[in-house]
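Morning, everyone. Please have a look at the slide, and then I'll walk you through a few spots.

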Amino acid sequence: MSKGPDGPVPFVNIGKRAKDLLYKDYNFDQKFSLSTSSSSGLNLTATGVRINEDFIGDIRTQHKSGRTTVDVIIDSDSKVSTTVTVDEALTGLKTSFSFKVPDHKSGKLDLQYAHNRFALNSTIGLTSAPLVELAATIGTSELSFGAEVGFDSTSASVTKYNSGIGYNKSDFSTSLLLADKGETLKASYIHLFNPTNGATVAAEVTHKLKTKENYFTIGSSHAIDSSTLLKTRFSNSGKVGLLCQHEWRPKSLVTLSAEYDPKVVRSPSRFGMAISVKP
């Protein structure tokens, strides 16, 4: 869900800028996707992924008509996932209804509301004993306070509760999250140093309150040229990651990822490639 014109980000997006730099697009399998679109609003995407010796794939169709979008995904196990989204049914409100076939218990309703001073997101399972999740943030486009909670009506138990604060400017963003039912404290920071080539660094620090364990990951990103992006990351465990993404034609990307983990004796290195083609 996007935020209002001057409103706070949704709770799920607190810390997103740093998380995207550190983890987004890293892939250690072989992935290929082909997308096409038509002037009538119909989009088609076929995706295949090779994981070790296994191959999985899916075909996604998306049709937009006015404020309504219908997504249908058919995967290699013949499961069909359907999502119907109505944007701006009321000012600031986005409604989604989704279900999977043959899983008759998979239906759920998502309601997302964006205002210039708060953002709400609720998910309700469409069963006799639903799982209910609610997230809310208040603040401005720069400073956001938020929390989320999940409740399982079957067991009458709270499945999750997290809270956080985020501060965003055009050249930097920072966040602090209390997650895992109050057991994990996570802080992140991202800073854009050079708007010309997008040179950016990010860091994420995690502290486990019960075990007193600490973890950190730092990373960087910058454009080598107008069509090539290079990302790096390093964690306290010794893992080193490298990503190179090249736009070899408009909207078509090839992404190479590599990671070295000194703690894995038999096979410390991992490599992956993803190719995305949009004619």
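First, the ground rules. This is a predicted model, where local features need pLDDT of at least 70, side-chain atom pairs count only at pLDDT 80 or more, and totals for chains, interfaces and linings use all residues. Residues are numbered from 1 along each chain as its sequence is written, and side-chain values use heavy atoms, with hydrogens and water left out.

Let's start with charge. Side chains of opposite charge can pair when their charged atoms come close. For a salt bridge, a side-chain nitrogen of Lys or Arg must be within 4 Å of a carboxyl oxygen of Asp or Glu. How many salt bridges does the structure hold? The count is 10.

Take Lys160 and Glu133. Their side chains form a salt bridge, 3.6 Å from N to O. Lys160 sits in strand β11 (residues 157-168) and Glu133 in strand β9 (residues 131-139), so this pair ties together parts that are 27 residues apart in sequence. Strands here are DSSP runs of E, at least two residues, and helices are runs of H or I, at least four; both are numbered from the N terminus.

Are these two buried or exposed, or something in between? Buried means under 20% relative accessible area, exposed means over 50%, and partly exposed is in between, using a 1.4 Å probe and protein chains only. Lys160 is partly exposed at 23%. Glu133 is partly exposed at 27%.

Next, Arg233 and Glu259. Their salt bridge has its closest N and O atoms 3.2 Å apart. Arg233 lies in strand β16 (residues 228-235) and Glu259 in strand β18 (residues 252-260), so the pair ties together parts 26 residues apart in sequence. Arg233 counts as buried, at 13%. Glu259 counts as buried too, at 8%.

Which other residue forms a salt bridge with Glu259? It's Arg270, with the closest N and O atoms 2.6 Å apart. Arg270 is in strand β19 (residues 269-277) and Glu259 is in β18, so this pair ties together parts 11 residues apart in sequence. Arg270 is partly exposed, at 39%. Salt bridges that share partners also join Glu133, Glu148 and Lys160 into one network.

Now the rings. A pair of aromatic rings is described by the distance of the centres and the angle of the planes. Rings of Phe, Tyr and Trp (its six-membered ring) pair if their centres lie within 6.5 Å; planes under 30 degrees apart are stacked, over 60 edge-to-face, and the rest tilted. That rule gives 4 aromatic pairs. One of them is Tyr167 with Phe172: tilted, 5.9 Å centre to centre, with 45° between the planes. Tyr167 is partly exposed at 29%, and Phe172 is partly exposed at 21%. Ring pairs link Tyr167, Phe172 and Tyr189 into a cluster.

Ile138, Leu143, Phe145, Ile165, Leu176, Leu178, Leu185 and Leu209 make a nonpolar patch of about 600 Å². Patches take residues with over 30% relative accessible area and no salt bridge; like charges are joined within 9 Å, nonpolar side chains (Val, Leu, Ile, Met, Phe, Trp, Tyr) within 5 Å. β10 (143-152) and β12 (172-179) each supply at least two residues of the patch. Leu176 belongs to strand β12 and is partly exposed, at 40%.

Compare Thr184, in strand β13 (residues 184-194). Thr184 is buried, at 3%. Its side chain makes a polar contact of 2.6 Å with that of Asp180, and another of 3.2 Å with that of Lys208. A polar contact is a pair of N or O atoms within 3.5 Å; within protein, one must be able to donate a hydrogen and the other to accept it, and residues adjacent in sequence count only if both atoms are side-chain atoms.

Last, the backbone. Most residues other than glycine have a negative phi, and most peptide bonds are trans. Where is the cis peptide bond? A cis bond joins Val101 and Pro102, with omega about 15°. Pro102 is in the loop between β6 (93-101) and β7 (108-114).

Asn52 has a positive phi, near 55°. Asn52 lies in the loop between β2 (42-51) and β3 (54-65), and counts as exposed at 62%. Ala156 also has a positive phi, about 55°. Ala156 is in the loop between β10 and β11, and is exposed at 59%.

Methods:
Areas by Shrake-Rupley, 256 points an atom, 1.4 Å probe, with all protein chains shown as cover.
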